[in-house]
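Hello,

I am handing over the structure below for you to look at. My notes on what was found in it follow.

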Amino acid sequence: MLIDLPDRADVGCEPPWVTGGRPPSPGDPDYASYQDFLAYEARRDAFWTAHAAGPALPLDAPIDMTAARSDAELVWEVADADRLENAAYGAKCRAVSNVAMRKLRNPDADYDPEYLRRSVEAELGCLLKLSPAAVSNLCHVSMELTRRYSKTFAALERGEVNRVQVQAIVDEGADLDVAQAARLEERVLPEARERGGRSFRDRVRREVKAIDADAVRKREKRARADRCVYLRPEYDGMATLCLFMPEDEAQRIFKALKERVHHDRAIQKEQAAEAPLVIARQDERTIAAQELDTIQAILGEALGIDPTEPEIPASSALSAEAIELLDLHANTYAPTAKMKTAVRNRDKHCRFPGCRRPARQCDIDHSIPFTKVKGKVLRGGTRYWNLGCLCRFHHQVKQMPGWHLEQDRGRFIWTTPTGLRFITYPGADDPDAELPDFIKELTAPVPF
Ligand SMILES: [Zn+2]
């Protein structure tokens with residue numbers, strides 16, 4: 001039976017957003033109205049629960065569930081859901097921290113904590129289908145919340161701060177000691193209600209500077225040491241080539257590039273004006289595209305290459321005879337150059353679930369470790385079907401206790417320390433034919 005839901009106007013109560021989102025306390029003038037609001041909310045919940053569960057709801061016909069609600073109620077629901085999402089993220093961080101802490105404190109493990117951390121991250125990455133960078137960040141944030149930011153953690157679990165704000169506190173406070181970290185959260189948490197995104201992060205950074213100016217200098221020095229060039233494949237046949245570098249220098253290069261293109265365009269215009277009778281081929285490129293072409297030409301010339309020349313695609317198809325020839329050197333530990341190329345062409349990227357580090361940046365790993373006894377190589381050896389591309393990170397993870405890799409002619413079956421099993425396949429020549437990364441082999445995963 002459905003509960004009749006009165007109109008909010010008839011109930012005569014107001015939601016607490018009129019008081020800036022803070023629920024009034026007993027004694028406040030609008031406390032009674034707030035109690036009415038809570039009672040109304042309870043009835044509303046009961047109404048929708050009954051509606052959703054009741055036989056009166058035909059499952060095949062979408063019903064406008066929003067019709068009985070005002071715009072303000074719908075907006076308020078967004079805020080409710082947001083609080084739940086924050087709290088759920090807090091619960092996830094708590095669980096991640098619990099599992100990571102237990103493994104890191106395992107007194108039996110005779111391993112460098114750094115490697116134990118990687119092993120935990122790799123397993124959680126498989127489970128949550130996250131990239132190595134994303135899962136590493138999740139573990140880092142979870143452990144920082146447990147060890148240094150108890151008030152922030154509590155606020156997150158209550159849903160009062162969001163993950164962007166938590167990330168800002170953890171990132172910016174990275175070089176503070178425990179007491180300083182506690183001071184930081186005490187000062188910035190009250191502002192989490194009024195500031196978000198960049199504004200909140202800037203506020204946290206200013207506070208860190210006030211607490212320990214040296215920490216900010218240390219961060220800047222470390223950031224400078226992390227300068228690098230990296231490539232990120234995009235879609236539609238594009239990629240982003242990034243230079244992570246000190247801002248002043250980046251600004252100068254960017255400015256010089258803009259001036260060069262501006263100058264080139266001015267010359268083009270002048271030439272067109274001087275020779276109006278010659279039908280000049282019009283340059284239809286945008287300024288942005290012209291800037292990119294200019295820097296591409298400069299880099300190509302400096303490196304002695306023509307980046308516009310297409311590369312001959314590497315094919316992974318190998319005949320049985322070709323594999324036999326490669327396997328002639330199975331008794332030597334180091335694979336030949338030809339074998340390395342063949343394995344890299346086959347795998348295309350790291351073979352750990354979810355990792356896309358390109359094969360050329362990977363180690364060539366023996367799936368069954370290379371073992372020679374009295375001059376005789378035991379199972380495996382340096383054979384085509386016993387080698388695979390693993391990035392250094394996942395190569396190290398594979399050596400950690402509890403990890404197991406089996407290879408079945410290019411099909412990799414991974415077992416994690418808790419007994420989850422995942423299968424990965426070599427990268428496909430045609431990206432559209434790429435198989436999923438996290439194929440679970442067991443139907444019921446072993447719980448942590
Ligand atoms: Zn990897």
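Helix 3 and helix 6 are oblique to each other. This is a predicted model, so please read every value here as computed from it.

Helix 3 covers residues 71-104, and helix 6 covers residues 150-157. Their axes come within 7 Å. They cross at roughly 130 degrees.

Which residues of helix 3 and helix 6 meet? From helix 3 come Asn86, Ala87, Tyr89, Gly90 and Ala91. From helix 6 come Phe153, Leu156 and Glu157. By class, this contact has five nonpolar residues, two polar ones and one charged one.

**The chain as a whole**

Next, some totals. The chain has 448 residues, and 21% of them are buried. It holds 15 helices and 10 strands. Take the contacts between residues at least 6 apart in sequence: 58% of these join residues at least 24 apart.

**Helix 14 and its neighbours**

Helix 14 runs over residues 337-347. Its buried residues are Met339, Ala342, Val343, Arg344, Arg346 and Asp347. What do the buried residues of helix 14 pack against? One partner is a helix, helix 13 (320-326). The others are strand 3 (363-366) and strand 6 (387-390).

Look also just past the end of helix 14. Lysine 348 sits there, with a positive phi of about 70 degrees.

Two loops are worth a look on screen.

Start with aspartate 236. Its loop joins strand 1 (228-233) and strand 2 (239-244). Is aspartate 236 buried or exposed? Aspartate 236 has 4 other C-beta atoms within 10 Å. The cut-off for exposed is 12 or fewer, so aspartate 236 is exposed.

Then go to arginine 409. It lies in the loop between strand 7 (404-408) and strand 8 (411-415).

Best wishes

Note on methods
Residues numbered from 1 in each chain as written. Predicted model: local features only at pLDDT ≥ 70, side-chain atom pairs only at ≥ 80, totals over all residues. Helix = DSSP H or I, 4+ residues; strand = E, 2+ residues; numbered from the N terminus. Buried ≥ 20, exposed ≤ 12 C-beta atoms within 10 Å, placed from the backbone. Axes fitted to C-alpha atoms, helices over the stretch in contact; angles between N-to-C directions. Parallel < 35°, antiparallel > 145°, perpendicular 65-115°, else oblique. Contact = placed C-beta atoms within 7 Å. Nonpolar A, V, L, I, M, F, W, Y, C, P; charged D, E, K, R; others polar.
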